[in-house]
Amino acid sequence: MFLNFFYTLRDYKVPVSTREYLDLISVLNSYSEDSESVSPERFYKVARSILIKDTKYYDSFDLAYTACFKDVVSEGDFKDKLNQWLQNAIDKDLSVERKKQAMNLPSEELMKELQKRIDEQKERHDGGNKWIGTGGTSAFGHSGYNENGVRVGGEGQNKKALAVAGRREFKKYRTDEILDVRQIKVALKKLRSLKETGQAKLNIQRTIDKTCQNAGEIEIVETKSRKNNLKLVLLMDIGGSMTPHSKRVSQLFSAAHQTNHFKEFKHFYFHNIFYDDLYETANMNAAEVTSFSKLKSKFNADTRFIVVGDAYMAPYELFQMTGSMREFYFNFVKDNKKSDLTGMDRVELIKKMFDKTVWLNPEPKRLWHAPTISAVKDVIPMYELSIDGITQAIKRLI
Amino acid sequence: MSNEPTLNDYVLSSDLEEAIKIAEITKRPLLIKGEPGTGKTLLASHYAKTKGLPLFRWHVKSTTIAKDGLYYYDAVTRLNDSRFGDSTGRDVNNIKDYIRMEAMGEAFTQDGLCVLLIDEIDKADIEFPNDLLLELDRMEFMINETGELVKAKVRPIVFITSNSEKELPDAFLRRCIFHFIQFPSFLMMKDIVKAHYPDIDKKLLERALAMFYKIRDIDDLRKKPSTSEFVDWINMLLHQGADLKKDISIPYIGSLLKSEEDLERFSK
């Protein structure tokens, strides 16, 4: 069961290694040597401290715990299984006293009530309502967990751990679903290519050190400063189908904006797909534009491009020369000046000009079979607009 | 905090206690994360004091490199001694006289058990934790100047704090026990305040707590007020004799909300 728990964690994409598994055994073993009891709740805490190294995996841990231990109703059961496992793992006999403790079975009534409460809590949670306090479990502090310190009497203790797990308090720390400016900034910090640049400057501290180590023979040490040489351009699709995602896009934007370690950071806006102009302001003022064809002269080839957009539009907008937005655009904005490139041509062009281009899509992956999305995806590597997606995208960019 | 917090005031949650115990058993460093102001740094001092162990602190800065925490070779003093120093008590010919141990080195050379705090490890370069893998794993390092190997006689208890400004490398994480200090619940916060101000008026405390959690419940705050700020605020209320009877405005709000935007958002 416990080994199974370990693999369930891996199934939930929590990075756990043998090393941590052995640590867990050694800790539990040391507890049983000191004849301290290991209640399910304690096991939950111990396992989490050892196996989980980041809050982003806490939620997955809770899910895995619930999946593995939901059927283990009584503490007696739990202990028997734990003992079995420890014995298998370390081949050690456990004290008779501990086994006696495991037989201790209190009232069933309470458990049923607790079970009811937990089920109710889960439902309410799934419904998206906010939890108020820890009422569910606190009402059931009958077993004197707090008063007696570690010693836990009474059954249903696993319920407490399960209740904690079931509440999924750490859902907001997940990185595959949720975005937060701070987290994006952390991810963007990896986006760098350090280069020693500029003129070498006299490093006084190291010169003194070196000179002294030479017993006074002067040795000048010059160092070049290491600077992030990376240029980043962010192209953002706004309006229309992107409106529901505007919060996430603006989070990404403010994170990139606040991360001041790029050599150069520029951003442009577009609608649906790039036409000849990229807008410099979010309200798409036609006076403040940078022509698409100028990108090449403005940025050198190793500039990183991140395109943010759902790539979701009417197919003719992407593939044909005539289309509602395009027609409007060329007829009115550009005074009938025609361009001979379709949206798709430009997608291909930008990838050709700037090899390090990625696309972040706020739509979930399951919708990416839409024709325009999959066409774009075939040309530019596409990732979800989530922390995990951004992290993968950044790996691609470096 | 304006006045140095006394360590008796530190309230240890049972979860954290468990984590410390695991770190003791496995002899692995305990990595602590949590919102700013939840007492990450204070924990090491608290632990050292209650156990009566010596504490060595290493405060990491953005320019810190791994060697900074191990030892320092004072070549300048040596050169000075070689020219002018007569009765310094140091032997110029003996390079060891000019090697000074830093926090980690000091901790390793102790005869008994001690506590080492590596504070805000995420401040340094992304690669920094990786440079410490061997040192933390085997608890030993080499002094290049003398070729001497410094190895911990007793593995110290290591606390590492992080504000998660940067992601820590996996290889480093594998070697740690991890604990996330959750923001104190209403009840725990009550205990914390009581530990600081045992004589506090019950009603005042209840009202203050209610207001505090109301502020924290506002979404989109740039910076939510922390435990230490709350304790400061209570201190201020007690000191100024303000009572919170009138439910209209919160006195000294500036000690809880520290940016203009947040104040604006709050007044809405």
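Where is A:Lys13 found in chain A? A:Lys13 sits in the loop between helix 1 (2-11) and helix 2 (18-33) of chain A, where helices (H or I, at least four residues) and strands (E, at least two) are DSSP runs numbered from the N terminus. The model is predicted, and local features need pLDDT of at least 70, side-chain atom pairs count only at pLDDT 80 or more, and totals for chains, interfaces and linings use all residues. Residues are numbered from 1 along each chain as its sequence is written, while chains are lettered from A and ligands numbered from 1 in the order in which they are written.

Most residues other than glycine have a negative phi. A:Lys13 has a phi near 65°, a positive value in a residue other than glycine. A:Lys13 is exposed, with 11 other C-beta atoms within 10 Å; a residue is exposed if 12 or fewer other C-beta atoms, placed from the backbone, lie within 10 Å of its own, buried if 20 or more do, and partly exposed in between. In chain B, B:Met139 likewise is not a glycine and has a positive phi of about 55°. This residue lies in the loop between helix 6 (133-138) and strand 6 (140-143) of chain B. B:Met139 is buried, with 20 other C-beta atoms within 10 Å.

Helix 10 (residues 181-188) of chain A has A:Gln183, A:Ile184, A:Val186, A:Ala187 and A:Leu188 buried. The cover over these buried residues includes helix 12 (246-258) and helix 18 (387-397) of chain A.

Between the chains, 24 residues of chain A are in contact with 25 residues of chain B, contact being C-beta atoms, placed from the backbone, within 7 Å. On the side of chain A that touches chain B, helix 2, helix 3 (40-51) and helix 11 of chain A are the elements that give two or more residues. Helix 2 gives the most, with six residues. By class, this side has nine nonpolar, seven polar and eight charged residues, with Ala, Val, Leu, Ile, Met, Phe, Trp, Tyr, Cys and Pro counted as nonpolar, Asp, Glu, Lys and Arg as charged, and the others, Gly among them, as polar.

The axes of helix 11 (residues 204-213) of chain A and helix 3 (residues 75-83) of chain B come within 8 Å and cross at roughly 45°; axes are lines fitted to C-alpha atoms, for helices over the stretch in contact, and angles run from 0 to 180 degrees between N-to-C directions. The contact is made by A:Ile208, A:Asp209, A:Cys212 and A:Gln213 of helix 11 of chain A and B:Ala75, B:Val76, B:Arg78 and B:Leu79 of helix 3 of chain B. These residues divide into five nonpolar, one polar and two charged.

Terms used. Contact = placed C-beta atoms within 7 Å.
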